[in-house]
Amino acid sequence: MQSSENKKEIQKRVQKLRSEIARLREAYHTKNLPNVTDDIYDSLNKELKNILSKYPEFDDQNSFENRIAGKPLDKFEKVKHEIKMFSIGNVFSDEELFAWEKRNLKLLPGLNSNLEYFCELKFDGLAISLIYENGKFVRGVTRGDGNIGEDITQNLKTIKSIPLILKDPFPGRIEVRGEAIMKKEVLKRLNEKNEKEGKPPFANSRNAAAGSLRQLDPNLTKERRLDFFAYEIAQIKGVEWEKYLEKHSKKHELLQKLGFMVDEHARKVSSLKEIPSFINKISKIRDSLSFGIDGVVSNIDDTKIFESLGIIGKDPRGIIAFKYPAERATTIVKDIKINVGRTGVLTPLAIFNPTSVAGSTVSKATLHNMDQIERLDLRIGDTIVIEKAGDVIPKVVEVLFNMRTGKEKKFKMVLKCPACGAEVEKRNIGSFQSSSSKGPRIPGAPNPGQTISHRTLETSVAFYCANPKCGAKNERYLEHFVSAFEIYELGPKILRRFKDEGLITDAADIFTLTKEDIAPLERFGEKSAENIVQEIKNKRKISFSKFIWALGILHVGEETARDLATNFGTLEKLKKAKIEEINEIDNIGGAVSRSVYSFFKDKNNLNFIEKLQKNGVIIEKVEKKKNGKFNGLIFVLTGTLSQMSREIAKEKIISLGGKVASSVSKNTSYVVAGEEAGSKLTQAKKLGIKILNEKEFLDMLQ
DNA sequence: GCACCTCGAGTTCA
DNA sequence: CTCGAGGTGC
């Protein structure tokens, strides 16, 4: 029996606990607290949890103690980012830093003042995206490959510096990005503990943070005591906060206001010239920081300018990381092996004694090609220096020649494909016999007067397996295909298994797999078979550009596939395209157009496409831009524009639904002529194509 | 013909 | 991430 008196007491205690926890949390946001405080914090939370388990009526879904939500998971859900998570380009010296700005200024001819930058530390951790709805933390996802990450919401809830409720819980939605890290002190304690338990230690904080967040049981993550620094707002909906979004520095201000921990060393500088001294200052205090960093990040502070510069590949032009040199180690090369790629490229791999570098144990590294091996003068048995590029991919830096014993063996490229035994060849570029081919080149004897770039026009550096039926090549193709279709359930191992079991002979067979095909296989059950079949069914629909990419046409990657899709619109038109029409597209030249053209001339390829469609693949129509006032129009740009770069003009035209071609033909709608326009202008006049000067063009954009 | 910028393709470990 | 190679502007 519970008296109402007693209940009141308990309610009071709950309130007291909550306010004390909130106070500690507040203090935590503003400064680093000693570990003792962590323990007090935890014991308060524990008491509160105990009371709430007995008296659920005092529970409050929004309260901060709800740090642990639920049971261990089976696996993490893959989630597509609403806004792609980009990476950041690197520089390693002041010269490169200045070159970076110079490149940007070239793209901003209209700019008439100095660029301001916001500089901050580059945390050594894991990039994370957090979504808040109506002030409440609803989802957290890892960066993954930038497009797709893993939902680790449960684990992120255990991080104290991630607010579950924002300090200003506005009615709307916000996506915050930042870095999950493990402080040095915490890492030290964790490693001491690991050592006692006979587990291998984490060699750096990034690995520790990554490993901790990948725990399926959130209680384990909680023990790891991670932290989170916020540094970016990817989107805000439902509240008028434009002024915070105008500058990167303002975003930081808002993040702090909302209760996030932000980098307190970060500061705005009035010009690029100030950045080197900032980097210097940080280098000096690097070791004394309570967390690991691997460099300094500089953003163009003005969001408009930042965005107008756009993105190259995966890196926005307006942001750059100054990185500290990577850790190095030495090891001995035991062997050189050969990998077979999707296109048949044979890639040599150095196999060496397992060596610990920058946090993980590495036992192999790609050597890219034979030329690289010769450049390094690498032999089997050599002692080499390795590092991890970007702290991830192992790289052979150099050979220590003074360690040679004379027993080292030179490596010779294999004569037969290690996977299928077919002849190995050094293929002509583009895989087509060109009439200008001048026969084999004699190694080590450069033709007089022949330049390096000329040489590469004749034969590629790589060696190839030319067998179209090579098993290894086909496996790599299947992997490429499912990744283009985003069928995540089918990894390399499963694909191989299906192939070995005779369930599939080509990629099109994937779409006719049934539950009954898969379930009887060892280590597959009803449930997993059903998941796979369902996933495949869900992914049958694909955008035209992804479809083109999935075909694996030589020289056609994601970007070129997109260009082809926007220019031709439908598969029928692409199939029928003349080689000249393909070649006309901006950024597509001879090698690519030949490759695309002959792909669609090949009966086998056409049959494969037909089989895909018969088996249920649906190609989505290329979306016509709603406000596409340039729909159906083809532009050709020539000369120099004063207000914007060509690249950016091109992006504008495409965003309005138009196309950009590289040369003038009768299909051209407009030629935009800037200063010093040349032959394209003459051609346009000859064909009677409408010519726009820069002003007329800018007016059309309005 | 050269210099530059992008893109494609292959890649490591936990 | 890295290197090679394609494409384009000067």
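User: Which residues come nearest to DNA strand C?

Analyst: This is a predicted model. A residue is near a strand if its C-beta atom, placed from the backbone, lies within 6 Å of it. Around DNA strand C there are 27 residues, and Ala389, Gly390, Ser460, Gly589 and Val592 come nearest.

User: Which helix or strand gives the most to the surface near DNA strand C?

Analyst: α22 does, with three residues. At least two residues each are supplied by α12 (370–376), β18 (393–399) and α22 (590–599).

User: How many residues of that surface are nonpolar, polar and charged?

Analyst: The surface near DNA strand C has 15 polar residues, nine nonpolar and three charged.

User: What is the order of the strands in the open sheet of five strands?

Analyst: Two strands pair if at least two bridges are found between them. Here the order reads β2-β13-β10-β3-β9, and the pairing is mixed. β2 (89–91) and β9 (267–269) are the edge strands, each pairing on one side only. From one strand to the next the twist averages 35°.

User: In which sense do β3 and β10 pair?

Analyst: Strand β3 (residues 117–123) pairs with strand β10 (residues 293–300) in the antiparallel sense, over seven bridges. Lysine 122 stands opposite glycine 295 in β10.

User: Which residues have the most contacts inside the largest nonpolar core?

Analyst: A nonpolar core joins buried residues through C-beta atoms within 7 Å. The largest has 59 residues, and Phe481, Ile548, Phe635 and Val671 have the most contacts inside it. Leaving out residues up to four places away in sequence, phenylalanine 481 touches Ala507 and Ala550. Another core, of 55 residues, lies apart from the largest one; among its members are Tyr117, Ala127, Phe228 and Phe306.

Notes:
Residues are numbered from 1 along each chain as its sequence is written. Chains are lettered from A and ligands numbered from 1 in the order in which they are written. This is a predicted model: local features need pLDDT of at least 70, side-chain atom pairs count only at pLDDT 80 or more; totals for chains, interfaces and linings use all residues. Helices (H or I, at least four residues) and strands (E, at least two) are DSSP runs, numbered from the N terminus. Ala, Val, Leu, Ile, Met, Phe, Trp, Tyr, Cys and Pro count as nonpolar, Asp, Glu, Lys and Arg as charged, and the others, Gly among them, as polar. Axes are lines fitted to C-alpha atoms, for helices over the stretch in contact, and angles run from 0 to 180 degrees between N-to-C directions. A residue is buried if 20 or more other C-beta atoms lie within 10 Å of its own, exposed if 12 or fewer, and partly exposed in between; C-beta atoms are placed from the backbone. Two residues are in contact if their C-beta atoms, placed from the backbone, lie within 7 Å.
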